[in-house]
Amino acid sequence: MDEISFRIFRFDPSRDAEARYQLYRIRPEPGLTVLSALVNLREEQDGSLAFRASCRSGICGSDAMLINGRARLACKTQVAEAAGDGTVTLEPLRGFPVLKDLVVDQSDFWEKLVRVKPWLIPGPEPAPERERLMRLPAQQFDELSRASDCIFCACCYAECPMEGRHRAYLGPAALVKAYRFEADPRDAGSAERRGALDHPDGVWRCHHVFRCTEACPKEIDAAWAIQQLQRRLAARHLRLKGDA
Amino acid sequence: MEVRHQVVVVGAGLAGLRAALAAGQAADVAVVSKLYPVRSHSVAAQGGINAAIDERDSLESHAYDTIKGSDYLADQDAVELMCEDAPRVVYEMEHWGTLFSRTPEGRIAQRSFGGQEFPRACYAADKTGRALFQTLFERSLKAGVRVYDEWVVLSLAVADGAVRGLVALDLKTGELHTVAARAVVMATGGLGLMYQRTTNPYSATGDGTAIAYRAGARLKDMEFVQFHPTSLVGTNVLITEGARGEGGILLNARGERFMERYAPRLKDVAPRDIISRAIETEINEGRGLPGGYVHLDIRPLGLDLIRHRLSEIYDFCRTFAGIDPSRELIPVQPAQHYMMGGISTDNEGATSLPGLFAAGEGACVSVHGSNRLGANSLLECLCFGRRAGQAAAAFAARAGEEAFPAAALEEQRERLAAIRKRRQGEHHGVVRRELRGVMTDKVGTFRTGEDLAAAAAELARLQERYRSVALMDTGAVFNADLAAYLELGNSLDLAQAVVACALERQESRGAHARRDFPQRDDQRWLKHLLCRYSLRGPVLEEAPVRITRFTPKERTY
Amino acid sequence: MGRGFWPWFLQRATAVLLLAFLGAHLWLEHFAAPGRVTTYRRVAARLAHPAFVALDWGLLALVVFHGLNGARTAVLDLGLSPAGERAVTWLAVVLGVGAFLLGVDALAPFLGMRAPIPW
């Protein structure tokens, strides 16, 4: 492929009155990811470009950004694939205050995470000397394992239309984290988490638009996990027996 | 801003958070980290964490495998201590919520790992680091551990020969802050970015190690750099040893299972140094694939096992190499992966500098000696992170409240002002690229005195150029250009330490393979090299290896 | 707790009940007696029976609730202030009660008539 254009959102609050887009030309090699291209850009063309990056393999969740309007990880996106018409547009994640260029302030995201008490709350029985036995049907263990895959990249928040309108909505990642513990047979913290979850800005705000599921780079079915929480809470309200 | 805590931990990875949680039991503690905790590279650890928890396994066997794997350079009392602590570590993490993979009976599952006589790596699919780290992160949220994230530490403040705290740059605002502390725990992880081919992240620049080094702490075992045999060709993303632990095999261009020749007994699960050298040898002797790599074959494991126990690998292969590992061969090559050396500590994490403690990859106890066994580093972080945190809190309880030396802040203020003022000069990105090239070409799997001397000379020139490089960004808010410049300074200082030690050690042991000295030489070299910072370059000293009950003998697998 | 649950749950419950009612309605009007023509007299006569009026009032209540709660949810999704949300909810309650009373009033006169159900 010939040269392609990177059209990048630029904003430095200490210098710029308003945001602008800057064009860069890059020569893509096979296998070049958007993140590698950005790193090259920063080393060769423009050291003032700000973005976050660390592991470059889709596990640390640092480099979520809007790539052609969709929230994705730069390290998991091939330039060749993103540059359909010869231009790749990069913007900071929607719905978060921009600190600089592609770097956003995620404090709100972390604050919401803490509200679901995202840690194991064991029951009253003392822990055994060794490990607790955990016998789950394979499918259930897989679901639990999948839900624990979240890397906190916040792609789901940028894509969720509810999150966009309701700043107070807990949002997909926090709810997935809650589900990860609610579904863990070692956890007995439902009552403690209920205040945050069973709330108009908790699970009930989700209207199943499924954008979170689509956006998740770890292929977590966030919308499904939220539905599981809704089911559990509904069963509690209706005093039904079952998995609640 | 000026803040004060009794104990400050630098780095929010597995060792750092564990230290903070332990110190928090007895002291007011805070964490300073250039990354938000979940972005640290502990989350990238894949394969497992060793612990002799099976009735058929034993602590002695774990200790022996570790010491043999270290090519007898590990300090044996430290290894025994770690292996004894391992079951407690694993059970504690399980009790805190880590989602380990399970056996059909519901117990923690274990798999084979390199250089071990028993399958003792407890795992969570191929995302063990993430599973353990998330648990610790969750505990830190629960405990309300204070984290100053995206603060880049610039220097330690030292007065009267003891640590008084540190100076940090707040990336989000560009402000300088002082953090006064009675004790500081360095836990900033690896330094792999000095290599072109590395499995490490962009952030692995050994910051804490370099800062401690410049502040006067001794480094240890710096010549021992681990090359992981299987990184994905192209991006050098890690393909876990667990892939071979589960039954994957290495094939050369002729389709031969060459590890049979190099390690007839353990074959593809021999220790990493041996396999990396075997792969390099195959490639050098013309049995590699064009471009310098070999194949990892995990097809026989079947799609179901791959998708469940090697799910990340499955994803990596598809995302970064465009291949389906259940039907195709994975192209792999050795890449820098881990640093055995680091800030020299005792078994409690104390360094040669009073008030400074260290743990994790950036520290060196030494439990890995000249070659770390897979699945021992997560263990090291949790075992020694806790000990360092406890020791730091105990130290802080004894130490008095001292004034923060104002000069430490001024020095850093001037340093940053100077680099910001410089209008002309080459960009530091050029120097970084050359550094990474030199280290990969001349300080890799196989070394020679000639190459190392050339590397030392080249590094001295790069240091010279570093003094006159310029920034492209002189702004205040989130100046990543400035952060990268500071990191490069750390990489350069540590690279010089690596090369100086590698040049000094005239033998081959573990990961340090000298073509000009191919034999291990216990007579002369069964000892650690310590490294002290000076303006003229690294100054080397020697320290004995602590041997308890495992007498050094020839290492065969 | 529970705020958030009941609107969510009742929206789903009314949806299911509406399906049942609509099924019954379609069956009665079109399939119960093939070939029969629906006339005003026939309908009026049927509505004289209290059970049918109760059925229609029930159907009305479900439709009004489901429609207004759905509309309210859609409006709330736009992101309003807590006061705005309360206002929208009360507006929906007023509209809903009004529409329902209007329907009650419209059907009530039929209750007085006495005629055999014209099957």
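I note here that the model is predicted.

Next I looked up how many such pairs the rule gives between the two chains. It finds 15 salt bridges across the interface of chain A and chain B.

I then turned to the interface as a whole. On the chain A side 67 residues are in contact with 63 residues of chain B. The two chains bury about 5,400 Å² between them, and carbon and sulfur atoms give 51% of that area. I asked which three residues of chain A supply more of its buried area than any other three. They are A:Glu43, A:Arg56 and A:Arg130, with 15% of what chain A buries against chain B.

I looked at chain A by itself. I found ten helices and seven strands, and a C-alpha trace that spans about 60 × 35 × 30 Å along its principal axes. Of its 244 residues, 61% are buried. Among contacts in chain A with a separation of 6 or more, 62% join residues 24 or more positions apart.

I checked the charges in chain A. There are 36 positive and 35 negative side chains, and the centres of the two sets lie 4 Å apart.

Last, I looked up one residue of chain B. B:Arg111 sits in strand E4, residues 110-111.

Conventions:
Residues numbered from 1 in each chain as written. Chains lettered and ligands numbered in written order. Predicted model: local features only at pLDDT ≥ 70, side-chain atom pairs only at ≥ 80, totals over all residues. Heavy atoms only, no water. Helix = DSSP H or I, 4+ residues; strand = E, 2+ residues; numbered from the N terminus. Buried < 20%, exposed > 50% of the residue type's maximum accessible area, 1.4 Å probe, protein only. Contact = heavy atoms within 4.5 Å. Lys, Arg positive; Asp, Glu negative; His and termini not counted. Charge placed at Lys NZ, Arg CZ, Asp CG, Glu CD. Buried area = accessible area lost by both parts, 1.4 Å probe. Salt bridge = Lys/Arg side-chain N within 4 Å of Asp/Glu carboxyl O.
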